[in-house]
Amino acid sequence: MVNDRQNLDLTPLSRPAGDEPVEWLISDAPVAYPEAVAAMEARAAAIAAQQAPELVWLLEHPALYTSGTSGKAADLLDPRFPLFATGRGGQVTYHGPGQRVAYVMLDLKLRRPDVRAYVASLEEWIIRTLAAFNVRGERREDRVGVWVRRPDKGAGFEDKIAAIGVRLKRWVSFHGISINVEPDLGHFDAIVPCGVVDPRYGVTSLADLGHIVSTAEVDIALRQTFQEVFGAVETRLPAAAP
């Protein structure tokens with residue numbers, strides 16, 4: 001079932017022309033998960049207090065699993081990597097090398113205080129990014145994230161290529177999205193990814209679909225499409241944390 005969030009008007013998620021641009025930060029080295037969460041929480045608090053600009057932070061984590069607010073202990077089938085409980089929405093997922101994570105810290109009070117519209121905007125950002133590599137990503141009503149059809153696997157088969165998990169404090173967002181560029185997909189076998197148990201629904205990546213692209217190329221597409229959906233950005237020098 002196609003997700004009705006595709007019918008939402010996303011225009012109000014962009015701030016007016018002339019407003020301060022969103023900072024755009026890329027960390028070159030893998031970032032430990034607790035360090036990333038602490039940095040996000042501090043930055044979100046500063047944004048809410050109008051002491052810092054909004055931020056998008058692109059990074060990669062070492063191999064690990066995270067469990068969101070709907071996570072279940074039974075969804076971790078093989079504890080081969082550390083598991084971190086986290087305050088984002090969603091269930092259990094994998095992060096690791098070959099996956100681009102984008103943590104998004106935006107002030108929705110100044111944009112549009114609407115969680116559904118915000119999630120739809122994140123989906124739209126992912127869909128446009130995938131389109132830059134000739135991959136058609138789609139929303140689904142009953143499944144979070146962005147999906148691609150896999151007729152090569154059989155009728156009705158689809159794979160998730162990008163995950164979404166967000167949290168808001170004082171209408172400032174943090175956590176965000178992850179796109180599978182070229183991770184080891186075998187690490188998803190150790191979990192029930194996002195609680196989806198239907199065998200028709202799996203996990204894929206750009207590489208798995210035959211699109212060999214670098215993380216740097218994905219970053220360029222993410223920046224371009226973010227500006228289309230959310231507005232202007234301004235580059236910061238690479239750093240380990242915001």
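**Notebook: pockets and rings**

I looked up the second largest pocket and found about 200 Å³ of space in it. I note that the model is predicted, that local features need pLDDT of at least 70 and side-chain atom pairs 80 or more, while totals for chains, interfaces and linings use all residues. Residues are numbered from 1 along each chain, and side-chain values use heavy atoms, without hydrogens and water.

I took a pocket as an open set of points on a 1 Å grid where a 1.4 Å probe fits, with protein on both sides within 12 Å along at least five of seven lines, and lining residues as those with an atom within 4 Å of a point. The lining of this second largest pocket has 15 residues, and F188, P193, Y201, G202 and V203 lie nearest its centre.

I then turned to Y201 and saw that R143 lies over its face, at 3.7 Å from the ring centre; this counts if CZ of Arg (or NZ of Lys) is within 6 Å of the centre and within 35 degrees of the ring normal. R143 also lies over the face of W147, at 4.5 Å from the ring centre.

I searched the whole structure for aromatic pairs, with ring centres within 6.5 Å, and found 12. Y65 is buried (under 20% relative accessible area), at 0%.

How values were computed:
Points joined across faces, edges and corners; volume = space filled by probe spheres on them. Phe/Tyr/Trp six-rings, centres within 6.5 Å; stacked < 30°, edge-to-face > 60°. Buried < 20%, exposed > 50% of the residue type's maximum accessible area, 1.4 Å probe, protein only.
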